[in-house]
Amino acid sequence: MVDTSIKFLNFGEAVETARKEPDVEFIALRYIPPFSRLDVYVISVDPDEPDDINVQYEGGDLFDTCGEEDFYSLGDVPDEAKNLFFARAADLGNTGVQLMGMTSEFMLQAVLLGLTPDAKYRDQAHFMRVAGAEFQAFWRQQ
């Protein structure tokens, strides 16, 4: 069951809302089985440039210090991002955290309310199972 207190927006709705709410970030997660890789997209608008929609991407394997990073204009956003659901960053987990630059497992702990840095996991595989279950229970899929 998706958390109904969070308003999830499709890509177009997130872009339009970002235009009306500059300086608010909208975050989408792509986290699919076997839950060993996380892709994060962030939509934002600079209040001084309201027609300039920025889409940041960061992705990587969990428990790997390397990752990928990219920046897109509205015209070159990958189709993958356009098929995800976005939520206001302020509505998620640890709201004061700057997500970009974090490793994937820490991003999940910052965004998914059911994961906390203080929780104990048997091993990396256990963390991935718990994170996958939390993601499926919390994040809008369709």
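These legends describe close-up views of a predicted model.

Residues are numbered from 1 along each chain as its sequence is written, and side-chain values use heavy atoms, without hydrogens or water. Because the model is predicted, local features need pLDDT of at least 70 and side-chain atom pairs count only at pLDDT 80 or more, while totals for chains, interfaces and linings use all residues.

**View 1. Tyr31 and Phe35 form an aromatic pair.**
Rings of Phe, Tyr and Trp (its six-membered ring) pair if their centres lie within 6.5 Å; planes under 30 degrees apart are stacked, over 60 edge-to-face, and the rest tilted. The count by this rule is 10 aromatic pairs. In the pair of Tyr31 and Phe35, the rings are tilted, at 4.9 Å centre to centre and 55 degrees between the planes. Both Tyr31 and Phe35 are buried. Buried means under 20% relative accessible area, exposed over 50%, and partly exposed in between (1.4 Å probe, protein chains only). Accessible areas come from the Shrake-Rupley method. One aromatic cluster takes in Phe8, Tyr31, Phe35, Phe135, Phe138 and Trp139.

Phe63 sits in the loop between β3 (53-61) and β4 (68-72), and Phe127 in helix α4 (residues 124-138), so the pair ties together parts that are 64 residues apart in sequence. Helices (H or I, at least four residues) and strands (E, at least two) are DSSP runs, numbered from the N terminus. Phe127 is buried, at 4%. The backbone of Phe63 has a positive phi of about 65 degrees, although Phe63 is not a glycine.

**View 2. Arg88 and Glu21 join in a salt bridge.**
A salt bridge is a side-chain nitrogen of Lys or Arg within 4 Å of a carboxyl oxygen of Asp or Glu. The whole structure holds seven salt bridges. Between Arg88 and Glu21, the N to O distance is 2.8 Å. This pair links distant parts of the chain: Arg88 is in strand β5 (residues 86-88), Glu21 is in the loop between α1 and β1, and they are 67 residues apart. Arg88 is buried at 18% relative accessibility. Glu21 is partly exposed at 26%.

**View 3. Arg37 takes part in salt bridges with Asp39 and with Glu68.**
The Asp39 side chain meets Arg37 at 3.2 Å, N to O. The Glu68 side chain meets Arg37 at 3.1 Å, N to O. Glu68 in strand β4 and Arg37 in strand β2 (residues 37-45) are 31 residues apart, in distant parts of the chain. Asp39 is buried, at 2% relative accessibility. Arg37 is partly exposed at 27%, and Glu68 is partly exposed at 43%. Which residues make up the network of salt bridges? Arg30, Arg37, Asp39, Asp61, Glu68 and Glu80 are linked in it.

**View 4. Asp23 belongs to a surface patch of negative charge.**
The patch gathers Asp23, Asp46, Asp48, Glu49, Asp51 and Asp52. Patches are made of residues with over 30% relative accessible area and no salt bridge; like charges are joined within 9 Å, and nonpolar side chains (Val, Leu, Ile, Met, Phe, Trp, Tyr) within 5 Å. Lys and Arg count as positive and Asp and Glu as negative; His and the chain ends are not counted. A charge is placed at NZ of Lys, CZ of Arg, CG of Asp or CD of Glu. Asp23 lies in the loop between α1 (11-20) and β1 (26-30). Its relative accessible area is 61%, so Asp23 is exposed. Phi of Asp23 is near 75 degrees, a positive value in a residue other than glycine.

**View 5. A cis peptide bond runs from Pro33 to Pro34.**
Omega of this bond is near 10 degrees. Pro34 is in the loop between β1 and β2.

**View 6. Lys82 and Phe11 are 5.2 Å apart in space, C-alpha to C-alpha.**
In sequence, Lys82 and Phe11 are 71 residues apart. Lys82 is in helix α2 (residues 79-82). Lys82 is partly exposed, at 36% relative accessibility.

Methods. Accessible areas come from the Shrake-Rupley method with a 1.4 Å probe; for residues, only the protein chains shown count as cover.
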